[in-house]
Amino acid sequence: MRIEPGRVAVVTGGASGIGYALASAAAGRGLHVVLSDLRADALEAAAAELRAAGAAVTPVVADVSKPADIDRLAQTAFALGSVQLVCSNAGIVVTGRAWELTADDWERVMGVNFMATVHLARLFLPRLIESGQPAQVLVTGSMASVTARPGISPYVAAKHALLGLCESLNHELADAGGDVGVTLLMPGKVATGMSREDYPDAITPDDAARIAFDAVTHRRPLAFTHADRIPEVEQRFAAIIAAGRPQ
C-alpha cells in the first residue's frame, strides 16, 4: 500500500513512546496526523513538537476505553479528509497476581488494551470500507500477544485477545471486499516509559515505527520487532500442541 500524502492518520496513545514515533513517521510521509492521548499536557507538548518539525497535527484528548471518545475521534478524523491509517496504540499495564488484582484493574487494562481496538474497528472500519480507498489499521500488540509471563495477567490476556481480533478482522475484511487490512505489531523490548531502557536488546520507538510502517506498506498481517524472539514463540506453540494433543 502506498502512503498517500494529504490523507489522514490517527494515532492513539500518541503523546510519547511508540505512539509518538508512529505519529512522527506518519507526518514525515505527508499524512495529517490526528494525535490522541488521555494526558492533555503531554498531548499538547507532543503536538507542538511535531508542528515545529513541519507536521500537520490535530490533537484530540480522548479516553480510548470510552466509545463516545472514539466516536469523537473518528468524527474529527473524517472531517479532515480521507483516512488512510488508524493506529490503535494506547496501552497500560498493572502488575500483580491475577487473583490479587481488583476488578477495576482488570477492566481498566482490558478497556484500554483491547476494547479500544474493538471501538476503533466499529467506528472506523465501516467508513474506511465505504470509501473504497486503500487503508490500514495498525494495532500495537506485544510479544505478550504470543507468549505468556507471570505478574501481568490482564496485559497478557488483552494482548492475546488482540491477536485473535486482528486475525478475525482480516478474514472479515476480505469477505467484505474492501481495500482495508489490519496489521498487528508485536514489539519486544522498546525503550519507552512502559519498558526499561537498559535492556541490551531494547530498540528505540523510531525503530519500532520503521518496522511498523514497513509492515503496513507491504500489508503484512503480523510484524515482530525482534526476530531473535521468534524461536521463543515457536517453542511456546509447540508446547501448546504437545500438551493439548489427545492421548
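Predicted model: local features only at pLDDT ≥ 70, side-chain atom pairs only at ≥ 80, totals over all residues.
Residues are numbered from 1 along each chain as its sequence is written, and side-chain values use heavy atoms, with hydrogens and water left out.

Gln136 lies in strand 5, residues 135-140; helices (H or I, at least four residues) and strands (E, at least two) are DSSP runs, numbered from the N terminus. Is Gln136 buried or exposed? Gln136 has a relative accessible area of 1% and is buried, where buried means under 20% relative accessible area, exposed over 50%, and partly exposed in between, with a 1.4 Å probe and protein chains only. A polar atom of the Gln136 side chain also lies 3.3 Å from the backbone nitrogen of Gly181. If we leave aside neighbours within four places in sequence, Gln136 is in contact (heavy atoms within 4.5 Å) with residues including Met1, Gln84, Val182 and Val216.

My second residue is Asn89, which sits in the loop between strand 4 (83-88) and helix 4 (103-131). Although it is in a loop, Asn89 counts as buried, because its relative accessibility is 10%. Its side chain makes a polar contact of 2.9 Å with the side chain of Thr140, and a polar atom of that Asn89 side chain lies 3.1 Å from the backbone oxygen of Gly13. Beyond four places in sequence, the contacts of Asn89 include Thr12, Ile18 and Leu22.

Not counting residues up to four places away in sequence, Ser153 touches Ala98 and Trp106.

Now to helix 3, residues 67-80, which has 14 residues and reaches 20 Å from its first C-alpha to its last, close to the 20 Å expected at 1.5 Å a residue, the expected span being 1.5 Å times one less than the number of residues. Which residues of helix 3 are buried? They are Asp69, Ile70, Leu73, Ala74, Ala77 and Phe78, and they cover an arc of only 160° around the axis, so they are on the same side of helix 3; the arc is that of the directions from the helix axis to the C-beta atoms. An α-helix has 3.6 residues a turn, so residues three or four places apart point the same way. The buried residues of helix 3 pack against strand 1 (8-11), strand 2 (32-37), strand 3 (57-61), strand 4 and helix 4, whereas Ala68 and Ala79, on the other side, are exposed.

Finally, the whole chain: there are seven helices and seven strands, and from the N terminus on they run β-α-β-α-β-α-β-α-β-α-β-α-β-α. Buried residues make up 49% of the 247 residues.

Notes: Polar contact = N/O pair within 3.5 Å; in protein donor to acceptor, adjacent residues only side chain to side chain.
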